[in-house]
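I'll jot things down as I look them up.

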There are 2 protein chains.
Amino acid sequence: MVPHLTTALTGPLLDLEKRFLDASTAVEQWFRVQWLEHTPPFYCSVDLRNSGFKLAPVDTNLFPGGFNNLNPAFLPLCIQAAMAAIEKICPEAKHILIVPESHTRNQFYLQNVAQLALILHHSGLNVRIGTLLPEITAPTRLELPHGAHLTLEPLVRRGGRLGLADFDPCSILLNNDLSAGVPDILKGLHEQFVIPPLHAGWVTRRKSRHFAAYAEVARSFAATLGIDPWLLNPDFDVCGEINFQERRGEECLASKADGLLARIRLKYREYGVSENPFVIVKADAGTYGMGIMTVRDASEVIGLNRKQRKKMAVVKEGLEVSEVIIQEGVHTFETVDAGVAEPVVYMIDRYVIGGFYRVHTARRRDENLNAPGMRFKPLAFDTACSLPDSGTNPDAPPNRFFAYGVIARLALLAASLELERSAPEG
Amino acid sequence: MVPHLTTALTGPLLDLEKRFLDASTAVEQWFRVQWLEHTPPFYCSVDLRNSGFKLAPVDTNLFPGGFNNLNPAFLPLCIQAAMAAIEKICPEAKHILIVPESHTRNQFYLQNVAQLALILHHSGLNVRIGTLLPEITAPTRLELPHGAHLTLEPLVRRGGRLGLADFDPCSILLNNDLSAGVPDILKGLHEQFVIPPLHAGWVTRRKSRHFAAYAEVARSFAATLGIDPWLLNPDFDVCGEINFQERRGEECLASKADGLLARIRLKYREYGVSENPFVIVKADAGTYGMGIMTVRDASEVIGLNRKQRKKMAVVKEGLEVSEVIIQEGVHTFETVDAGVAEPVVYMIDRYVIGGFYRVHTARRRDENLNAPGMRFKPLAFDTACSLPDSGTNPDAPPNRFFAYGVIARLALLAASLELERSAPEG
C-alpha cells in the first residue's frame with residue numbers, strides 16, 4: 001500500500017517529478033560527479049515532507065534508527081551497499097563493534113540495532129554490540145520479538161583502542177548521536193575507524209549548518225535541471241543566545257519567524273498556493289523531536305507560558321537549547337486511512353536502500369510527526385527507489401519513490417559537505 | 001520453488017555448505033582482500049553443477065545472456081551493482097553503447113539485451129544498441145513480448161571512436177563473445193572503454209586458462225577454510241593439435257581422458273562415492289555448447305563416426321576446434337519435477353545479483369544442459385545469495401544459494417586472474 005497524495009494542485013510538484021523522470025540519467029550522472037569530490041557518510045536517513053507543491057528534507061539523521069521498519073525484501077540491497085561501504089573504509093576488517101544509544105531499551109530501537117547487526121554480519125563482518133550503559137557489566141542477552149535476541153556487552157578501553165573483553169574491532173560503528181556529549185571512552189581512538197566520525201554527533205552538529213549546505217546543493221542541482229531550488233529547499237533562519245527559561249531572545253525569534261513567514265507567503269503567491277504558511281522552531285542541535293514548535297504567526301513565540309518554555313528549553317539527554325533554527329514548514333499531503341504520512345528514506349554509502357512512511361492518525365499535516373511519545377505506524381516502501389518508470393504517471397509510486405530517493409541523496413550530499421567543513425583540523 | 005537436491009550422500013557437500021556457513025565472515029573477508037589485488041570483469045555468469053558431493057563451476061561466461069531470466073525482484077540489486085561498477089570505470093559517463101551478439105534474433109536473447117539496457121538506464125546512463133549485423137543500415141525497432149521493444153542501430157566508426165550516427169558513447173559494453181574474431185570496427189578504440197576488454201573474447205580466451213586460474217583460486221580459498229579443494233574444483237586436462245575431421249589427436253584425447261577418469265575414480269573412492277565418473281570433452285575456445293561430448297570410457301573417443309566428428313569439429317560461428325579441454329564431469333543432483341536443474345549465477349562487478357536454474361526434462365544428470373537447440377525452462381532463484389541462515393539446514397535454499405554465490409565468485413576471481421594474464425602488453 002502506498003499513501004494517497006491529496007493535493008488540489010497538480011502544478012509544481014508533478015512538474016518536478018516529471019523533470020526528475022525526464023532527466024533521470026542527468027540526475028544520476030550529476031550525483032556520480034559529486035561523489036568524486038565528496039565522501040558520503042556510512043549511513044543516513046532523511047525525513048521528507050511532500051506538500052504536493054514542494055518536496056523537501058526536514059531532518060537528516062546521521063545515526064539512523066528504524067532499519068527494522070524497512071521492507072525485508074530490501075535486505076539484499078542493504079547488504080550489498082554495506083559491502084561497498086566496507087570495501088572502501090576497511091576492506092581487511094573482520095570485526096566491527098556497534099555502539100548503540102544508551103537512553104532506551106525501547107524494543108523497536110533494539111530491533112533496529114539487531115537489523116543493523118544482521119546487515120553487517122551478512123556483509124562479512126563479525127559484529128558485536130558494546131554499550132555505554134554503566135549498569136551493563138557483563139554480556140546481557142535481551143530477548144526480542146519473533147525469537148530474535150541481542151547481546152549488549154560492556155565496552156573495554158585499551159590505550160588507543162576500544163573493544164570488548166575478548167573483541168578487538170577494526171571499526172566502531174556509532175548508532176548513538178552523542179546528544180549527551182562525546183563520552184571519554186570514545187575520545188582519541190586514533191587506531192580505529194570511528195564511523196560516522198565523532199563530529200557527526202549533536203555536540204558538534206548544527207541543523208543550520210546542514211541546511212546551509214543543503215541550500216548550496218539544492219541550488220547547484222536545480223540549476224542543472226533548470227528548476228526553482230525553492231521547490232526542493234526549505235528556507236530557514238537562526239537565532240543564537242536564546243534562553244527560553246529566562247525569556248531571553250524572544251524578539252529575535254519573533255522577527256526571524258516573521259521574516260521567514262513573509263518570504264514563504266511571497267513564494268506561495270508566486271505558485272498560487274492557497275495554504276497557510278507556517279514555520280517550525282526547533283533546537284539547532286539535538287534530535288528526537290523534543291523542543292519543537294509549529295508557528296503560524298510570529299506573535300505565537302512571544303510570551304510563551306511556563307509549560308511551553310519548559311518543553312522548548314531542553315532536548316534529548318538534557319542538552320540545553322540556546323541556538324534555535326526556524327525552518328520553513330512543509331505541509332504533509334500524503335495520507336493513509338486519514339492518517340498523515342511522512343516518508344523517511346534510508347541510505348548506506350551513496351545508495352538508497354529503502355524507506356518507510358511514518359503514519360500518524362492524530363496529527364495535523366502541519367505538525368511534526370517525529371515528536372516525543374509519538375506513536376507512528378511504520379509502512380515500508382513497497383518498491384525500490386531506483387525504478388522510475390516513464391511509462392506511468394509522474395506521481396505513480398515508483399516515480400514518487402524515485403523522487404524521494406533523489407531528494408534524500410541531495411540531503412546526503414549536504415551531510416557530506418557539512419561533515420567536511422566541521423571536521424577537526426589535523 | 002527451489003529444486004530438490006536428491007543425493008544419497010549427506011557427507012561432503014553438506015559439510016562444505018556447513019563450512020561456508022560457519023565461516024561466512026571469513027569467506028567475505030577473503031574476497032574483500034582478493035578484490036584489493038584484482039579487478040572483477042564488469043559482468044559474469046557462471047554455470048554450476050551440484051552433485052551433492054561436489055559443487056563446482058563448469059563454465060564461466062564473460063558476456064552473459066539470460067539477464068531476462070533473473071527474478072524481477074532482484075532488479076534493484078542489479079542496478080545498484082551496475083552503479084558501483086560504473087562509478088569505478090567511468091563516473092563522468094553519460095552514454096554507453098551495447099554491442100550484442102549478431103548471430104541471433106532469438107527472442108529470449110533480445111529480451112536479455114533489453115533487460116541489460118534497462119539496468120544500465122536505471123543506473124544512470126543513456127543506453128543505445130549498436131549492431132554488427134551488416135543488414136541493419138538504419139535504426140530498426142524489434143517488438144518484444146509484453147509490449148517491450150528494442151532498437152538496433154548501425155555502428156559508425158569515427159577515427160578512434162565507435163558510436164552511432166548521433167551518439168558518441170564513453171564506453172562500449174560488449175555482449176558479444178567475439179567467437180567470429182574481433183571485427184575490424186572494434187579494433188583500436190583507444191579513446192573509449194571497451195568492457196569487457198577484447199581479449200575476453202573467444203579468439204583469445206581458453207577454458208583451460210580459466211580453469212587453471214580457478215584451480216589456483218580454489219586451492220587458496222580451500223586452504224583458508226581447511227577443506228579439500230577437489231570439492232570445489234573440476235579437474236581437467238588439454239589436448240592441442242586435434243583435428244576431428246582428419247582423425248588427428250584421438251590418441252592424445254583417449255590417454256588424457258583415461259588419466260582423468262582414473263584420478264576421478266580415486267577421489268570417488270576416497271569419498272565413498274558410488275557414481276560412475278565421466279568427463280566432458282569440449283573445445284578449449286568457444287561457447288554455446290556445440291562440440292561437447294560426454295565420455296564415460298576413454299575408448300569412446302576412438303573411432304568417432306562421421307556425424308560425431310562433424311559435431312565436434314566446429315563450434316559457434318564456424319570457429320574450428322583444434323584445442324580441446326577434457327574436464328571432470330560433475331553430476332547434477334538437483335531436480336524439478338523429474339527434470340534436471342543446473343544453477344547459473346549472475347554477477348555485476350563483485351556482487352552476486354541473482355541466478356536461475358536451467359531445468360531440462362529430457363537430459364540426464366551427466367549431460368551438458370547448455371547444448372545447441374536445447375530448450376530449458378528458466379527457474380529464477382527466489383531469494384538472494386547473500387542471506388545465509390545458520391538457523392536452518394546447511395542445504396536449505398538460502399544456504400544453498402549462498403554456497404552457489406561463493407563458488408560463482410571464485411570463478412569470477414579466476415576470470416580476473418585469467419584476464420590479467422592474457423592482457424596484451426602495453
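This is a predicted model: local features need pLDDT of at least 70, side-chain atom pairs count only at pLDDT 80 or more; totals for chains, interfaces and linings use all residues.

**Entry 1**

Which cysteine sulfur is closest to the sulfur of A:C90? It belongs to A:C170, at 3.7 Å, and that is too far for a bond. The cut-off I needed here is that two cysteine sulfur atoms have to be within 2.5 Å to count as a disulfide. I also looked up how covered A:C90 is: its relative accessible area is 6%, so A:C90 is buried.

B:C44 comes out at 0% relative accessibility, so I wrote it down as buried.

**Entry 2: cysteines that do pair up**

A reminder to myself: a disulfide is a covalent bond between the sulfur atoms of two cysteines. How many disulfides are there over all chains? The count comes to two.

One of them joins A:C239 to A:C252, with 2.2 Å from S to S. The two cysteines come from distant parts of the chain: A:C239 is in strand β12 (residues 236-239) of chain A, A:C252 is in helix α6 (residues 250-270) of chain A, and they are 13 residues apart.

Are A:C239 and A:C252 buried or partly exposed? A:C239 is buried, with a relative accessible area of 1%, while A:C252 is partly exposed at 26% relative accessibility.

Then I went over to chain B, where B:C239 and B:C252 form a disulfide with their sulfur atoms 2.1 Å apart. This pair links distant parts of its chain: B:C239 lies in strand β12 (residues 236-239) of chain B and B:C252 in helix α6 (residues 250-270) of chain B, 13 residues apart. Why is the B:C239 and B:C252 disulfide called left-handed? Because the torsion about its S-S bond is about -100°. For accessibility, I got 1% for B:C239, which counts as buried, and 26% for B:C252, which is partly exposed.

**Entry 3: the two sides of a helix**

I picked helix α7 (residues 306-313) of chain A and asked which of its residues are buried. They are A:R309, A:M312 and A:A313. These residues cover an arc of only 100° around the axis, so they are on the same side of α7(A). That reminded me of a rule from class: an α-helix has 3.6 residues a turn, so residues three or four places apart point the same way.

What do the buried residues of α7(A) pack against? I found β13 (279-283) and β14 (292-295) of chain A. On the face turned away from the buried side, α7(A) carries the exposed residues A:K307 and A:K310.

**Entry 4: charged pairs**

Side chains of opposite charge can pair when their charged atoms come close. Over all chains, the count comes to 46 salt bridges. I didn't go through the whole list, so here are my picks.

A:R409 forms a salt bridge with A:E28, and their closest N and O atoms are 2.8 Å apart. The partners sit in distant parts of the chain, with A:R409 in helix α8 (residues 397-422) of chain A and A:E28 in helix α2 (residues 24-37) of chain A, 381 residues apart. Both A:R409 and A:E28 are buried.

B:K54 forms a salt bridge with B:E328, the closest N and O atoms being 2.8 Å apart. B:K54 is in the loop between β2 (43-50) and β3 (55-61) of chain B and B:E328 is in strand β15 (residues 324-328) of chain B, so this pair ties together parts 274 residues apart in sequence. B:K54 is buried, with a relative accessible area of 1%, and B:E328 is buried, with a value of 1%.

My next pick was B:R263 with B:D235, whose side chains meet in a salt bridge (2.8 Å, N to O). B:R263 lies in helix α6 of chain B and B:D235 in the loop between α5 (207-225) and β12 of chain B, so the pair ties together parts 28 residues apart in sequence. B:R263 is partly exposed at 35%, and B:D235 is partly exposed at 23% relative accessibility.

To finish, I noted a network of salt bridges that links A:D47, A:R49, A:E342 and A:R358.

Conventions:
Residues are numbered from 1 along each chain as its sequence is written. Chains are lettered from A and ligands numbered from 1 in the order in which they are written. Side-chain values use heavy atoms; hydrogens and water are left out. Helices (H or I, at least four residues) and strands (E, at least two) are DSSP runs, numbered from the N terminus. Buried means under 20% relative accessible area, exposed over 50%, partly exposed in between (1.4 Å probe, protein chains only). The arc is that of the directions from the helix axis to the C-beta atoms. Contact means heavy atoms within 4.5 Å. A salt bridge is a side-chain nitrogen of Lys or Arg within 4 Å of a carboxyl oxygen of Asp or Glu.
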